[in-house]
Amino acid sequence: MWLPGVLVAAAAALLAATVHALFPALPLLTLAVVFGIVAGNLPPARRAVTGILAPGLKLAASRFMRIGIVLLGLKLSLVDILGLGWVTILTTVLIVLITFVGTYWLGRAVRLPGRQPILIATGFSICGASAIGAMSGVVKAKDADTATPIALVTLCGTLAIAVLPALWHPLGLTELQFGHWVGAGVHDVGQVVATAQVAGPAALAVAVVVKLTRVLLLAPLVAVAAVGERRRETRVASVTDAPAFRPPIMPLFVVGFLVAVLVRTFVPLPGAVLVGADTVQTSLLAIALFGLGAAVNLRSIRRTGGKALGVGLTSWTLIAGLAFLAVQLP
């Protein structure tokens, strides 16, 4: 029975929204993940999370996540991306690719278990826990593999909210440069907003467009991962004579996301529709991220915690450093 878990996740998302309304500096989606992690690790709540609530939380973390990502496409217009200029677009793509490849390589080099390397690489290079949730379904990651990347990307993204504004003036960045830096270097969209807003509306606008440009790259990366998964399954099947599970090269929710981007670009949607879609999208992602957070078992993370934390902090430093270099370009 999935209803109890979904209702609890929805209640937690509502609580996160309330806290965010009272303390706007705390991103709603980050709060949802944190609430999920807390619920999943408090002994009394843990029994419910792994028992009666489990089917609903799993449903929320998968299907609600995918619907939310589709609606996220309505925030992104190709016109806004082109308005950044070719230098910013090119550097943003390069930052994502270098961070993804570098983080994935480092995760494999230190022998992180299961699918943790690709999930950490996806979360840190693109859009935090939402990207991890999207990629985990494609590569069939276990909850144990998903837990550590979510915890790490939540930790580092939250640190960025305090660290980057403190470095703004010492690094001599203008408001627009700071917005570009935040958009290219911070993980979750909500964390980008919370970090960039301290520099004013112009910085926030640049940060959001740069950030959403990174989000757009989720589609090709997921497609490449799906191709790799198909090949791996084919090799396994050839050895074991078992039927191969071949995920679609382009998962349906990714197709929906790209269609939503095109709709936002070419169809003049009323403001009320965009506001309504944004509200629904944020609500669905908050519910989904609570479900993902509830699957995080902090005790199990300790087994690879040192190596995983090292990979996460290295990736965080890498993307922030690359983003800083990019904003120095004319």
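## Spaces and a helix pair

The largest pocket holds about 590 Å³ of space. Its lining has 26 residues, and those closest to the centre of this pocket are Lys-58, Ala-61, Asp-143, Leu-292 and Ala-295. The model is predicted, with local features needing pLDDT of at least 70 and side-chain atom pairs counting only at pLDDT 80 or more, while totals for chains, interfaces and linings use all residues. Residues are numbered from 1 along each chain as its sequence is written, and side-chain values use heavy atoms, leaving out hydrogens and water.

Both kinds of space are found on a 1 Å grid over the protein atoms alone: a cavity is a set of points where a 1.4 Å probe fits but cannot get out, a pocket is an open set with protein on both sides within 12 Å along at least five of seven lines, and lining residues have an atom within 4 Å of a point. Grid points are joined across faces, edges and corners, and a volume is the space filled by probe spheres set on the points.

At least two residues of the pocket lining come from each of α3 (43-49), α4 (54-72), α7 (116-138), α8 (143-168) and α14 (271-294). Of these helices (DSSP runs of H or I, at least four residues, numbered from the N terminus), α4 gives the largest share, 6 residues.

A search of the whole structure also finds 1 cavity of 30 Å³ or more. The volume of the largest cavity is about 60 Å³. Among the residues lining this cavity are Leu-29, Val-33, His-187, Asp-188 and Leu-289. Two or more lining residues come from each of α2 (28-41), α7 and α8, and the largest share, 3 residues, belongs to α2.

The axes of helix α6 (residues 86-109) and helix α11 (residues 201-216) come within 10 Å and cross at roughly 50°. Such axes are lines fitted to C-alpha atoms over the stretch in contact, with angles running from 0 to 180 degrees between N-to-C directions. α6 and α11 are therefore oblique to each other, since angles under 35 degrees count as roughly parallel, over 145 as roughly antiparallel, 65 to 115 as roughly perpendicular and the rest as oblique. In their contact (heavy atoms within 4.5 Å), Thr-88, Thr-92 and Val-96 of α6 meet Val-210, Thr-213 and Arg-214 of α11.
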